[in-house]
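Subject: Structure for your review

Dear colleague,

Please find the structure below, followed by an account of what was found in it.

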4 protein chains.
Amino acid sequence: MKGAKIIDSTAPSKPEKIRRKPERPGEILAAAFEEFVLHGYAATRLEDVAARAGVTKGTIYFHFESKENVFVQMVRELSKPTLLAMQEFLSRETPDIVAFLNDFVDFSHDLVLKDRYAREILRLLIAEASRFPDLVDEHISEFLDPICDHLQARLVQAAKEGTIRQSPVIDFPDLLLAPPLVLNIFVLLLADRQDAEAQARIAAAKDLLLNGLLPR
Amino acid sequence: MKGAKIIDSTAPSKPEKIRRKPERPGEILAAAFEEFVLHGYAATRLEDVAARAGVTKGTIYFHFESKENVFVQMVRELSKPTLLAMQEFLSRETPDIVAFLNDFVDFSHDLVLKDRYAREILRLLIAEASRFPDLVDEHISEFLDPICDHLQARLVQAAKEGTIRQSPVIDFPDLLLAPPLVLNIFVLLLADRQDAEAQARIAAAKDLLLNGLLPR
Amino acid sequence: MKGAKIIDSTAPSKPEKIRRKPERPGEILAAAFEEFVLHGYAATRLEDVAARAGVTKGTIYFHFESKENVFVQMVRELSKPTLLAMQEFLSRETPDIVAFLNDFVDFSHDLVLKDRYAREILRLLIAEASRFPDLVDEHISEFLDPICDHLQARLVQAAKEGTIRQSPVIDFPDLLLAPPLVLNIFVLLLADRQDAEAQARIAAAKDLLLNGLLPR
Amino acid sequence: MKGAKIIDSTAPSKPEKIRRKPERPGEILAAAFEEFVLHGYAATRLEDVAARAGVTKGTIYFHFESKENVFVQMVRELSKPTLLAMQEFLSRETPDIVAFLNDFVDFSHDLVLKDRYAREILRLLIAEASRFPDLVDEHISEFLDPICDHLQARLVQAAKEGTIRQSPVIDFPDLLLAPPLVLNIFVLLLADRQDAEAQARIAAAKDLLLNGLLPR
DNA sequence: TATGAATGAGCTTTCATTCAT
DNA sequence: GATGAATGAAAGCTCATTCAT
């Protein structure tokens, strides 16, 4: 019901408490993201992070215990919105498998194109995998595994219903991630020179996924 | 006259004076690769590279002008074998498009699985794209573009012959690189914990590519 | 009102909390002077400067941006007292030209004999002129030019009054600097083995300046 | 007797041996002079000296035992022509004291203006006095002392004859070196921006020396 | 004679980290 | 909470010197 909006309009009543700066840690993490993306973990100077956040180095050490900790918390914090968006997508009810797959291709490409955080955090994880192996594992089990599990469940169900072929792809649902991943890597390598033909690309990915190359 | 060979055969009397160590630069680059892969560009110490190569820091600076130069030359040098292998693959004559596509899926996955250099250089390029943008561009035009051009030419030709569908994928041949790229990223993120089911994955990729998910 | 002093006398009640070490930069510059004098710019190690100042290398870089900057600021800072002394001398009113010239010879020789800073900074400027050309120019316009201008004005005036000859020296007032400069160079070359006959030398310089060698 | 020249004409018989490059050491010293003048002792790289001389670093070590040795021999070698010129000047017979003094002022200023070696070696000695104290002493006893001794002898003699005053300057003959020294220092500090009014300056120096400032 | 390769000590500079205020 | 000052352990790079050829 659209009446809910009325309730939302009352929301501002609560935040009235003039909390001045309890967002400090958040601002630091946002600044850290920019610097880490720009220079990588090792070449990023906490002093630059501090300057960007409008504080001094000492302040960072008041909120975080070390540079590594800043990195880890930054990745965790800035991944949350993406994680929530993905969970929201997966929780949608889309009974028709073809519609679902089309939506999935749209959603995953959209994520790559519009969510700079998601895009760049992939770069950071690839780059720093050997320094932060646990962080990588954490991300795989939080992001990748749920998606693959969900995809696989849908594919198994659809195959049982006969709405898709009994394809070996069912055992490797991550192959459905391949097209958006290619796009992600391209954008990372090309320094954000965005693909102008994004929509055509997405359509091509959908077509390939559903129909393959061979004549029917 | 072949009699000259007799004289030549006495040549070995001049002992081992045949160049002592003109392989130094190569050994340094090989050592540099290992260290850069292990720690990334910024966190790699040239002293460690030197130690691994069995020389001292000064020697590196005798052969290379800076750390950046070591990195760039390392990437160029260690990419050569992969480039040659790829060129050799593309020059093979495989008239049948289905056979060609199957071969391509095999070849590209094989590259990822067996060529550690190729795999890790992708990591380094993703990680250091903003520090070495020209190197990235160089790689794209040397590796990616020729492959895509070749793939596109084959797809166009096959579509004309009717051996494949008139698919929109023809405009985005890089989508054929998606499966091996996913594999590459996985291997990078999982710290070389190899996929035990590689062959099944390759088969799945082939099936998806040719047939898509929908029932025929 | 002089009563204010009574109030000031109560000031010490605010204990020692008045700045702990805001003299750090000054101490570093003093230490730098000693080391630069001892070894020259290039051969001076910032580590030695730090040790002499009782701090660590890092502290120097907290206060100064580079070794060159330390040198430049050191020269500027340690020249100030000499500059002030010179300005004070030039501002004295000594109407009689002979008395003035005698005072000038005394003053300039005294500077060389007693002001080690002035003496050694000349060495540093001569030695590093090609590395710090701007610093040299700065010194010439701050030290040399004002003196020469002042001397010339006095000589012109005295010649007009007939108290000195209409000498061509009036066009080259820097010639009056020659005797103390010779002394300065000697002291620099002889490693501070001071001239025991300094007073006789000064008298000789005065006599030569006023009377020349020819019989009257 | 000019007949001696006949004997000299036979001299060429000996140098016929095709000594190709026994000037190597000399070329190295000439190159070293330029580099030392440009950067000072410590900041001069033997590699640059070698490059300028058209040889490699190793060659320098074949002819000289160390960098310090190159410096010392360079100073000695490039001082020789100046020393000879000075000795030649002092050996001239100029009975008239006024003519002699005029000649001396001319000669000494000429040296400074025309002999870049002499000019710059003074800079090097001032700059490196504490690293090469013996070299400085050597120069003082070879250059300065003979000049001063000669000047003093002439002044004593002239005073005895009454051709000059019984001036206290007789005890400090080095004061006669003051004017050319000022010029030398100026040229060193001003990076060879030569004094356009050199002749007027020299005339002024002569006038001051002979007549002083006071009216006669 | 001359050189190119190699060395290694040492230098300037950087920066994560600490801590008194 | 926040800061400025200080630290000290590197790290990149340099260069006098050596030496086999």
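DNA strand F is surrounded by 33 residues, the closest being A:G58, A:T59, C:G58, C:T59 and D:L46; a residue is near a strand if its C-beta atom, placed from the backbone, lies within 6 Å of it. Two or more residues each are given to this surface by helix 4 (57-63) of chain A, helix 3 (46-53) and helix 4 (57-63) of chain B, helix 4 (57-63) of chain C, and helix 3 (46-53) and helix 4 (57-63) of chain D. Helices are DSSP runs (H or I, at least four residues), numbered from the N terminus. The surface near DNA strand F divides into eight nonpolar, eleven polar and 14 charged residues; Ala, Val, Leu, Ile, Met, Phe, Trp, Tyr, Cys and Pro count as nonpolar, Asp, Glu, Lys and Arg as charged, and the others, Gly among them, as polar.

This is a predicted model, in which local features need pLDDT of at least 70 and side-chain atom pairs count only at pLDDT 80 or more, while totals for chains, interfaces and linings use all residues. Residues are numbered from 1 along each chain as its sequence is written, and chains are lettered from A and ligands numbered from 1 in the order in which they are written.

Chain B and chain A each bring 47 residues to their contact (C-beta atoms, placed from the backbone, within 7 Å). On the side of chain B, helix 10 provides the largest share, ten residues. That side comprises 34 nonpolar, six polar and seven charged residues.

Chain C is superposed on chain D by a rotation of 180° with 0.0 Å of shift along its axis (RMSD 0.1 Å), by least squares on the C-alpha atoms of residues with pLDDT of at least 70 in both. This is the relation of a two-fold axis.

Kind regards

Technical notes:
Contact = placed C-beta atoms within 7 Å.
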